[in-house]
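Could you walk me through this model, feature by feature? I would like to learn how each feature is read before seeing the case at hand.

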Amino acid sequence: GKTPWRLPTSSHSPTFGHRTLHTTPKSIMPEAQSVQVFGKKKTATACAFAKQGRGLIKVNGQPIENIEPECLRLKAFEPVLILGQDKFANLDIRIRVKGGGYTAQIYAIRSAIAKSIVAYYAKYVDESAKNELRATLLAYDRNLLVADPRRREPKKYGGRGARARFQKSYR
């Protein structure tokens, strides 16, 4: 009959087909200081990945200076302008953003930047510096750190939107 399926009997490392999975001990790998944070607005989600670096901020691979539309560019810069560029001088932030419209995306980006620097300071710098940043950002705009819970309300029948109804007449 058929032989039952068995795990590979080699003792050192598991084998996947022809490839061998080598596990390196944690101590050898250089520990890059990094945090990953999400910023959201409506249906737009921005995922920020902050790590040690030299002050680059990129959105979907483009530098943040090229953000479109131009009139909302300052909105995305807000966390940097409020806290001062010296705070961002030694970390790189890479942001992936998807979903939503362009305004919501920019609000998600600014939220992700603000949250990522606070998380980075909490994890790798110190608590008092983090609280200082947090207080500064909250004093300026609470939505930088606390997501806006408002969402689109679903449309219902009998009207052209969530609340508006079709006209009716009794003639």
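Q: What should I know before reading any values?
A: This is a predicted model, in which local features need pLDDT of at least 70 and side-chain atom pairs count only at pLDDT 80 or more, while totals for chains, interfaces and linings use all residues. Residues are numbered from 1 along each chain as its sequence is written, and side-chain values use heavy atoms, with hydrogens and water left out.

Q: How many aromatic pairs does the structure hold, and how do I read one?
A: Rings of Phe, Tyr and Trp (its six-membered ring) pair if their centres lie within 6.5 Å; planes under 30 degrees apart count as stacked, over 60 as edge-to-face, and the rest as tilted. Here there is one aromatic pair. The ring centres of Tyr-120 and Tyr-124 are 5.2 Å apart and the planes meet at 55°, so this pair is tilted.

Q: Where do Tyr-120 and Tyr-124 lie?
A: Helices (H or I, at least four residues) and strands (E, at least two) are DSSP runs, numbered from the N terminus. Both tyrosines belong to helix α2 (residues 102-124), four residues apart, or about one turn of the helix.

Q: Is Tyr-120 buried or exposed?
A: Buried means under 20% relative accessible area, exposed over 50%, and partly exposed in between (1.4 Å probe, protein chains only). Tyr-120 is buried, because its relative accessible area is 4%. Tyr-124, at 27%, is partly exposed.

Q: Which residue lies over the face of Tyr-107?
A: A charge sits over a ring if NZ of Lys or CZ of Arg is within 6 Å of the ring centre and within 35 degrees of the ring normal. Lys-41 takes that position over Tyr-107, at 5.4 Å from the ring centre.

Q: Which residues touch the most other members of the largest nonpolar core?
A: In soluble globular proteins, nonpolar side chains tend to be buried together. A nonpolar core is a set of buried Ala, Val, Leu, Ile, Met, Phe, Trp, Tyr and Cys residues joined through side-chain atoms within 4.5 Å. The largest one has 35 residues, and those touching the most other members are Ile-57, Phe-88, Ile-93, Ile-95, Ile-109, Ile-113 and Ile-117. At least two residues come from each of β3 (34-41), β4 (44-52), β5, α1, β7 (91-98), α2 and α3 (127-140). Helix α2 gives the most to this core, with eleven residues.

Q: What is the volume of the largest pocket, and which residues are closest to its centre?
A: Rolling a probe the size of a water molecule over the atoms shows where empty space is left. On a 1 Å grid over the protein atoms alone, a cavity is a set of points where a 1.4 Å probe fits but cannot get out, and a pocket is an open set with protein on both sides within 12 Å along at least five of seven lines; lining residues have an atom within 4 Å of a point. Grid points are joined across faces, edges and corners, and a volume is the space filled by probe spheres set on the points. The largest pocket has a volume of about 230 Å³. Among its 13 lining residues, Gly-55, Ile-57, Ile-64, Glu-65 and Gln-85 are the closest to the centre. Helix α1 gives the most to this lining, with three residues.

Q: How much space lies in the largest cavity, and which residues line it?
A: About 60 Å³ lies in the largest cavity. Its lining consists of Lys-40, Lys-41, Tyr-107, Arg-110, Ser-111, Asn-143, Val-146, Ala-147 and Asp-148. Helix α2 gives the most here, with three residues.

Q: Which residues are joined by a cis peptide bond, and where is phi positive?
A: Most residues other than glycine have a negative phi, and most peptide bonds are trans. A cis bond joins Glu-68 and Pro-69, with omega about -10°, and Pro-69 is in the loop between β6 and α1. Lys-42 has a positive phi near 50° and lies in the loop between β3 and β4. Asn-60 also has a positive phi near 50°, in the loop between β5 and β6.
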